[in-house]
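Dear colleague,

Please find below the structure that I am handing over to you. My notes on it follow.

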Amino acid sequence: MNLPHLVRSAAACILAAVLLCSTAYAAPAKSADVVAAALGEVGAAEGPGEYSKYGEWYGLPNSYWCDMFVSWCAMKGNIPAEKFPRHCSCTDHVKRFVKMGRYQESMARGNSYIPQQGDVIFFYNNVRYPSGSVKNHTGLVLYVEDGYVYTIEGNALANRLDLSYDIVSAQRNDAKEPPDYVTVNRYPLDAPRIHGYGIPAYDDRTPLALNGFVDLGRHSENAARFQTLCEAGVMQPTSVNTFSPNHGMTRAEFVEMTTDFLGLLGCRPETKAFADVPPESSCYGAVMSARSAGLTGEEEDNRFQPDRYISPDEAQTILNRALVYAGLEERTFTFSQGDYSYIVSPYTIRADIAIAFDTLCREIPLSEAFDGVVLLDGAAQDWPVRRLNDVCYVPAEALRQSFPALELPGIPDADEGTKLETEQAFWSDVEIPKDPPPMANTDRVIPARIELRREDATVNASGFTYRGTPYVSLPEAAELLSLDLELAAN
């Protein structure tokens, strides 16, 4: 054997060994890698002429790109094409999964399969193509929770859940829609629009660990505000890891959120119920309270339409009426329109609702009962003291009763013979009165300045109104009265 031949043979052996080693030690195909790639694109929007980087990668830069987005994510996750087929056509992509024996139809089509993270979800127009011969959209499954499948989709908008797909599909008009983007949507598992699921042949299906809200995209700068609102119970997330910032909120949810925030419970006996909100409805109490307080106004045909998304104008009106009811001034909030606002009725988005309520949380803060003893010049005072931002406040009338030399020009005198009641005694033992004072069932307060006067000395002290009762800063009052203040634990 001559030298050149030996060299070629040795090189061939080395190359074969390298290929064998690379095959033997190839990284396992992980569904988590595909999902991580998809989540990293949330919020990315198409350019003019439906341009997308996903289409450019595939070779069709100005085409519908939902399926190319899914294929791009598989590529980014380093999943071999024989385990996760690529395509640009949803209909043909399904055929490839069927040929692999890795396709499951949806619940709506009579199957019981529950999708897993990393599956490919396929949609179709079930009204126009009931046989399922044509698929028109796709995405990746994020997870399943409480009967909903959460998806990551490209070439998409935030879906409407208050209207059926046949209504939305029939009225869609590309000229009226914003550019498509990558978003997280959710659907009932039995939604008629879902055709089925392609199941890539992953080696490892360990779910991707998720932290916080993973669907914020362009709203990520407000992540802390959204998280704080949800932790405080002011607003509810749509699932454990989604906030759905671009989605709508139903009128019932918005009214429940508003009445809970202001603590409005109960209504006048003469309040008329809406025809479509019966007593057994979960939102009945909130809707009746809102109507009794004048927040909802009179609706056409006496119908509230609780399941329809709330519009920007409706959200603004209800919040302003609530502020006036609570004794505050009206204000203007920003309520932008959702992606499909031109279909049936306009609606605002959850992100704007959250920002509005975050603003109100700062303007109408929470107070807490002070669990301790107030000593003035060593004498204990039996007052229902509340604390706000680490400062104790006392009912203004309690101060006036205990220190007659103290004048409160802006606070009317209590009726003769009326005892000062603690909020616990008054609000816990009786039903809400016919005309409940604003915020009668919440620890939120309306900040105010309260004038305190003693002889020639005047202080414009900090204070607030709590359940209809004016409270004043205890340290400022003690200083004006020249009293030593001491707070002791029980």
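**Helix α9 and its surroundings**

The buried residues of α9 pack against α8 (251–262). This is a predicted model, in which local features need pLDDT of at least 70 and side-chain atom pairs count only at pLDDT 80 or more, while totals for chains, interfaces and linings use all residues. Residues are numbered from 1 along each chain as its sequence is written, and side-chain values use heavy atoms, without hydrogens and water.

Helix α9 spans residues 284–292, and seven of its nine residues are buried (under 20% relative accessible area, with a 1.4 Å probe and protein chains only). Among them are Val287, Met288 and Arg291. Gly294, which follows α9, has a positive phi near 80°. Helices here are DSSP runs of H or I with at least four residues, and strands are runs of E with at least two, numbered from the N terminus.

**The sheet**

Six strands make up an open antiparallel sheet, ordered β7-β10-β11-β14-β13-β12. β7 (368–369) and β12 (446–454) are the edge strands, each with a single partner, so one side of each has no neighbour in the sheet. Two strands count as paired if DSSP finds at least two bridges between them. Strands β11 (residues 391–395) and β14 (residues 469–473) pair over three bridges in the antiparallel sense, and Val394 stands opposite Val472 in β14.

Yours sincerely

Terms used:
Buried < 20%, exposed > 50% of the residue type's maximum accessible area, 1.4 Å probe, protein only. Contact = heavy atoms within 4.5 Å.
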